[in-house]
Amino acid sequence: MTDAILHGFLSALVGWVWAGVLPNNPTPLAPWHDLLMRLEVNHPMIAKPLGACAYCFSGQLSLWTAVYQYGWPCTAHSFAFLAVTTATSITVAYFLSKWQ
């Protein structure tokens, strides 16, 4: 489970930077942020996992990168790994956003 916690922590860092730090600074990703903000008005359920929300993006990032790295869960242990990874990334992203 140490791998799950580390994977979740790293995903939270990436998600926090992607959704919290990059939009406030002039970067090449500014047009993507503008698109997400326009999309969030009418379709927030699509925009948030794509980067408009640090928690949503961190959770999606950790879930799908863990699935890619370790495979789709076929056992209880694999499912627990994905759950711990995703929960850790959302929790760490929450605390990082409060710290900012």
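Predicted model: local features only at pLDDT ≥ 70, side-chain atom pairs only at ≥ 80, totals over all residues.
Residues are numbered from 1 along each chain as its sequence is written, and side-chain values use heavy atoms, without hydrogens and water.

**Exercise 1.** Describe how helix 1 packs against helix 4.

Solution. 
- Locate the helices. Helix 1 covers residues 2-21 and helix 4 covers residues 54-70. Helices here are DSSP runs (H or I, at least four residues), numbered from the N terminus.
- Take the geometry. The axes lie 8 Å apart, at an angle of about 135°. Axes are lines fitted to C-alpha atoms over the stretch in contact, and angles run from 0 to 180 degrees between N-to-C directions.
- Classify the angle. Helix 1 and helix 4 are therefore oblique to each other. Angles under 35 degrees count as roughly parallel, over 145 as roughly antiparallel, 65 to 115 as roughly perpendicular and the rest as oblique.
- List partners. Residues of helix 1 in the contact (heavy atoms within 4.5 Å) include His-7, Ser-11 and Trp-18. Those of helix 4 include Phe-57, Leu-61 and Tyr-70.
- Sort the contact residues. There are 10 nonpolar, seven polar and one charged. Ala, Val, Leu, Ile, Met, Phe, Trp, Tyr, Cys and Pro count as nonpolar, Asp, Glu, Lys and Arg as charged, and the others, Gly among them, as polar.

**Exercise 2.** Classify the packing of helix 2 and helix 3 by angle.

Solution. 
- Read the values. Helix 2 and helix 3 (residues 44-52) have axes 7 Å apart, at about 155°.
- Apply the classes. That angle makes helix 2 roughly antiparallel to helix 3.
- Name the residues. Helix 2 brings Trp-32, Leu-36, Met-37, Leu-39, Glu-40 and Asn-42. Helix 3 brings Pro-44, Ile-46, Ala-47, Lys-48, Leu-50, Gly-51 and Ala-52.
- Sort them. The contact has nine nonpolar, two polar and two charged residues.

**Exercise 3.** Which residues line the largest cavity?

Solution. 
- Name the lining. Trp-18, Leu-22, Pro-23, Leu-29, Trp-32, His-33, Leu-36 and Gly-51 line the largest cavity. On a 1 Å grid over the protein atoms alone, a cavity is a set of points where a 1.4 Å probe fits but cannot get out; lining residues have an atom within 4 Å of a point.
- Find the main contributor. Helix 2 (residues 30-42) gives the largest share, three residues.
- Sort by class. Six are nonpolar, two polar and no residue is charged.

Definitions and conventions: Helix = DSSP H or I, 4+ residues; strand = E, 2+ residues; numbered from the N terminus. 1 Å grid on protein atoms, 1.4 Å probe; cavity = no way out; pocket = protein on both sides within 12 Å on 5 of 7 lines; lining within 4 Å.
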